[in-house]
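Grab a pencil and work through these exercises on aromatic rings and their neighbours. Each task comes with a solution in steps.

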Amino acid sequence: MIEHGWLIFLGLSLLAGILSGIPVMLILSGVPVAVAFFASLFGGFDLSFLQAYPQRAYGVMQNSLLIAVPLFVLMGVLLERSRVAERTLMQVSRLLGGSPMALALSVLLISTLIAASTGIIGATIVMLGMISLPAMRRVGVPDSTASGLICASGTLGQIIPPSIVLILLGDQVSNAYLDAQQRAGNFAPDAVTVGDLFAGALLPGLVLVALYGVFVTLRLARTPAKIQPDTTPISSWDVFREVVPPIMLILAVLGSILVGVATPTEAAAIGVAGTLLITAARVTSASDEHSHPAGSFPHQPEERRSPAWLRHSMTGTALVGFALVSLRISGTGRINLNSAEFSFGGGSLLALALTVLLLAGLVLAVVVLTRSGVFGAALSQAVQVSGMIFGIILAASMLSLVFRGFGGDDWVHELLTGLPGDERTMLLFTLLVIFLMGFVLEFVEIVFIVIPLVGPILLQHIDPVWFAVLVALNLQTSFLTPPFGFALFYYRSAAPAEISTGTIYRAIIPFVLIQVVTLGVVFAWPPLATWLPNLLFG
Amino acid sequence: MNLLIKTASHVHSGTRRACQLLLGMIFIGQLTVVILRYVFGIGFIELQDAVAYSFATLVVLGLPVAQVRDVHVRVDVFRAHQGIRKQARFDQLGIFAFLIPVFGLTIYWVWPDVAYSWSIREASVETGGLPGLYLVKSMLPLACALMILQGLASFVIAGERAKNDD
């Protein structure tokens with residue numbers, strides 16, 4: 001143990017630094033450098049190791065997979081600002097009737113949709129807390145059930161694809177898997193893609209949603225409504241036009257990845273385009289804050305302030321987009337400019353015309369959104385969020401460099417292979433470590449620190465998709481577990497003071513149990529994670 | 001001191017605008033690539049490279065923007081209970097002990113790479129790709145310098161915050 005004294009010192013310094021409240025990014029990069037320099041005074045570290053850092057930074061900058069990250073962030077920010085989620089929530093709960101159970105179930109349903117589309121847990125939880133909590137309390141959902149539901153369903157964004165966690169995990173797991181297979185002597189392994197992980201996480205994610213739903217139903221089945229349900233008739237057309245666009249958007253993004261047509265980055269670009277259309281159709285209501293003070297829950301659907309022609313042209317543009325896709329699928333609309341026998345068939349002309357229409361619609365959306373200030377603000381916020389994510393990734397690569405410099409990877413190797421039992425013990429141990437790390441670190445740090453260390457050892461025998469799904473579920477559980485779960489902190493910041501922290505901690509327990517059950521099921525029965533990717537990608 | 005803060009704030013609004021523009025370009029470029037590829041069957045390597053370059057630049061230039069807006073993740077289990085003065089002192093410690101050394105050293109480590117890249121006018125590794133990769137590589141030391149500038153400005157501002165709290 002004593003030869004790893006520097007590693008233990010590094011670990012303790014990191015823990016102290018993180019708890020000091022200094023930005024995690026500075027701690028993860030600064031503390032290892034300081035410890036490395038200190039250790040080098042005693043001959044404990046070779047400083048030339050650190051010169052490899054720029055190459056690692058360039059590796060992050062030139063990683064084409066990560067291009068999807070800022071685009072998905074932008075999509076999430078736009079959806080949040082356009083308040084699509086709020087409107088959808090409102091309409092769905094009206095449709096389901098005003099009972100506490102109906103409202104709670106619609107919150108679950110909508111959070112699943114938002115989770116799928118944004119995947120930023122902090123933002124989702126704060127937003128759900130602000131828009132759905134007052135409504136749920138008013139209707140008579142007990143504080144505890146409401147709090148637990150918001151925290152739990154707010155973290156669904158990590159597991160339900162397309163999720164940023166899964167993209168980052170995909171990057172790290174596929175590198176680790178290649179490394180592992182080469183160590184095991186397999187020099188031509190099948191690559192693991194982000195698409196595999198998306199497909200793998202889909203069923204476990206839906207199982208979680210279903211179990212949450214069962215719990216909420218059982219819990220609230222007999223809870224009477226505190227206020228008379230809103231009986232104003234609601235046309236199914238209203239619900240249709242609020243709910244269908246986001247669903248189509250998610251289907252388009254997820255579908256194009258799962259069918260194997262588009263890369264995550266390409267799908268993310270399509271997602272942003274679709275989001276721009278949805279947002280532009282609601283533009284004016286998105287820009288004025290006073291119509292919706294934080295915490296209120298508008299009773300009546302807000303007036304639609306976007307002019308009708310704008311909404312219709314956005315719908316039209318979306319339809320044009322889908323028409324282009326179906327042309328492409330039917331194979332008639334392909335214009336092959338490269339081939340010599342270039343012909344203006346009917347299909348090609350149609351595709352060309354549709355493309356022009358699509359671009360015109362998108363340009364209109366961008367112009368409208370830019371003039372109302374929504375686009376610029378969303379870009380700005382997305383830049384900040386991506387800056388935060390990449391700061392952590394760059395800092396984590398500094399930490400792992402120093403960790404290797406101290407011989408930490410050998411130590412992890414010894415530790416894992418020294419465990420009694422087979423690779424399942426190693427896996428359980430890894431999951432436990434990740435779970436504990438989830439208390440002090442965000443997922444990006446953990447993914448970029450732990451996977452490169454344990455992956456090359458574990459993935460020699462373990463299915464990479466199964467492993468990644470377990471890690472994602474595990475991280476999500478960790479964020480929910482009191483007293484340090486990140487999700488609970490985010491919720492605390494959005495919840496009114498009369499909901500005590502103790503209530504929140506108690507409220508989350510049933511949901512944590514559901515998580516643990518799901519984790520156990522996936523652990524015991526890997527096909528739940530691996531069946532769909534195998535079916536889709538072979 | 002005042003000059004430092006003013007300069008830093010001007011530089012910040014420039015960086016922020018550049019990042020907004022870059023993100024917009026990534027979106028437009030990537031969408032164009034998608035349309036060209038799936039509707040017209042054309043691969044456009046130069047454009048894909050332009051997207052990749054914009055992304056590489058955004059990765060590092062986003063750091064100083066996030067620094068100024070104070071959105072880098074913190075764990076505030078204890079911080080939430082600290083007074084303004086103590087928080088400001090911890091901020092100063094983070095900048096002095098970690099931010100400036102790490103980013104300063106990164107400039108020092110990356111310098112030979114960048115100099116070499118300039119000397120051969122390094123271009124994209126893709127065949128038929130864009131020239132000018134050496135400019136993209138120069139963004140890393142530039143971003144480090146911007147981080148240090150913003151760090152110094154935050155250091156001074158945090159110092160004033162701590163003083164006013166006395």
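A charge sits over a ring if NZ of Lys or CZ of Arg is within 6 Å of the ring centre and within 35 degrees of the ring normal. This is a predicted model, where local features need pLDDT of at least 70, side-chain atom pairs count only at pLDDT 80 or more, and totals for chains, interfaces and linings use all residues. Side-chain values use heavy atoms, with hydrogens and water left out, residues are numbered from 1 along each chain as its sequence is written, and chains are lettered from A.

**Exercise 1.** Find which ring Lys137(B) lies over.

Solution. Start at Lys137(B): the ring below is Tyr58(A), with its centre 4.9 Å away.

**Exercise 2.** Classify the ring pair Trp6(A) and Phe38(A).

Solution. Rings of Phe, Tyr and Trp (its six-membered ring) pair if their centres lie within 6.5 Å; planes under 30 degrees apart are stacked, over 60 edge-to-face, the rest tilted. That rule gives 13 aromatic pairs over all chains. Here the centres are 6.0 Å apart and the planes at 85 degrees, so Trp6(A) and Phe38(A) are edge-to-face.

**Exercise 3.** Decide whether Trp6(A), at 26%, is buried, partly exposed or exposed.

Solution. Buried means under 20% relative accessible area, exposed over 50%, partly exposed in between (1.4 Å probe, protein chains only). At 26%, Trp6(A) is partly exposed. Phe38(A), at 39%, is partly exposed, and Phe9(A) at 38% counts as partly exposed too.
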